[in-house]
Amino acid sequence: MAGLNKVVETYDQALAGLTDDMTLMVGGFGLCGIPENLIIKMQEMGVKGLTCISNNAGVDDFGLGLLLQKKQIARIYASYVGENALFEKQMLSGELDVILTPQGTLAEKIRAGGAGIPAFFTATGYGTPIAEGKETREIDGRHYVLEPSLTADFALVKAWKADTMGNLVYRNTAMNFNPMMATAGKITVVEVEEIVPAGTLDPNHIHTPGIYVNRVIKGSFEKRIEQRTTREA
Amino acid sequence: MALSREQIASRIAQELQDGFYVNLGIGIPTLVANYIPDGMEVMLQSENGLLGMGQFPTEDEVDADLINAGKQTVTMATGASLFSSAESFAMIRGGHVDLTVLGAFEVDVSGNIASWMIPGKLIKGMGGAMDLVAGADNIIVTMMHADKKGNSKILDACTLPLTGAQCIKKVVTDLAVLEIKDGAFHLLERAPDVSVEEIIEKTAGKLIIPDEVKVMNV
């Protein structure tokens, strides 16, 4: 019996049960904090018809761009997709269904999904094309749009450290969408840089409690940088 | 002479106040960080999950896990904090950010802003702009007054799909500082050596000119 031990040893185990036409959440902001090896594994598996929920779509040869290369994504929810030429091509040809979603609304849809809230009202997007066809309501003199929440078959998350029970700590801005996604997957798979024994992470410093996490795997990361901006020393 | 990007940024920096939490968009807004007056404490919010954005790192300090919303490598300022995207937009949507500065394609006399989509051209997405304009009370839009062909972008009604409706009150362009109220642009300041006539000529939306127009201090 594994009990509460969430650690798996191989990427086959990490993504067992992930099949065609599933809905996936994929953490990251740009290329920062993406579960890069889980994505590479999905490209190898060749799963197709995927619906991906992710703030961005990677670049041509890294991140979700790898799944676009093999036309594995049928639909994507994202807030900004400007860095990817393959994406443009597939969107313009109609192969890829793109649901552009304001970044804060996307984050809240995922948070709400994980928290058991089916929808929420937000002022974001009222009076814009985003609100078309959606229920709106005036509350205390302000207009709001009803936004349904999001959940997924699999949430693919990148964290810095996990303990064997799946408690997670993120690092710097690699946190971004990962904590909410960890709560909103039927199966949450987390790729980390380090796995430590349960009891060694300070409970005061845990970002995501292990209850949300099903599988943890240790990876090694390229951590590609999109815009390397520096100043003189 | 119309203002340079740096001069626009320096003028916007005059709107900062000690103790402000500020979100700066990509482009000219980012440059505002270079003109924070000495001795003033301002905390920069980056919507990917950082409050207290510092300067660019030295080559040795570069950290792939530490970027801003423009995906540039950055550092953290003293007193910085880190959080999730949901928390970040709770700050924004909840009205906790004191000042938001962002760019636009068009603004109009009703305070509408269009900044994310040009039909027929590639659509890259709105990122956090729709949340920022919906959540902030104090927003400054920065943009060029007219496009390269001289067509005004300061309009009676935006022609492009909106980012937000009735949310913009102040615009700083390369020619002027404008306030939007009562269904019109009000000329508050003009750029040095830019005539009121030129501003009138390049403003398509209803424009109110007060008796005296201050010259921008840039």
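Salt bridges between chain B and chain A: the count is five, taking a side-chain nitrogen of Lys or Arg within 4 Å of a carboxyl oxygen of Asp or Glu. One of them joins Asp63(B) and Arg171(A), with N to O at 2.7 Å.

Quick housekeeping: this is a predicted model, where local features need pLDDT of at least 70, side-chain atom pairs count only at pLDDT 80 or more, and totals for chains, interfaces and linings use all residues. Residues are numbered from 1 along each chain as its sequence is written, chains are lettered from A and ligands numbered from 1 in the order in which they are written, and side-chain values use heavy atoms, with hydrogens and water left out.

Okay, the rest of the interface. Here 47 residues of chain B touch 50 of chain A, contact being heavy atoms within 4.5 Å. Together the chains bury about 4000 Å², 60% of it on carbon and sulfur atoms; that's accessible area (1.4 Å probe) lost on being put together, summed over both. Asp65(B), Lys71(B) and Lys124(B) supply 19% of what chain B buries against chain A, more than any other three residues.

Now over to a sheet in chain A. Three strands make an open, antiparallel sheet, ordered S5-S7-S6. Strands here are DSSP E runs of at least two residues, numbered from the N terminus, and two of them pair if DSSP finds at least two bridges between them. S5 (119-122) and S6 (136-139) sit at the edges with a single partner strand each, so one side of each has no neighbour in the sheet. S5(A) and S7(A), residues 142-148, pair over four bridges, and Thr122(A) has Val145(A) in S7(A) as its bridge partner.

Conventions. Buried area = accessible area lost by both parts, 1.4 Å probe.
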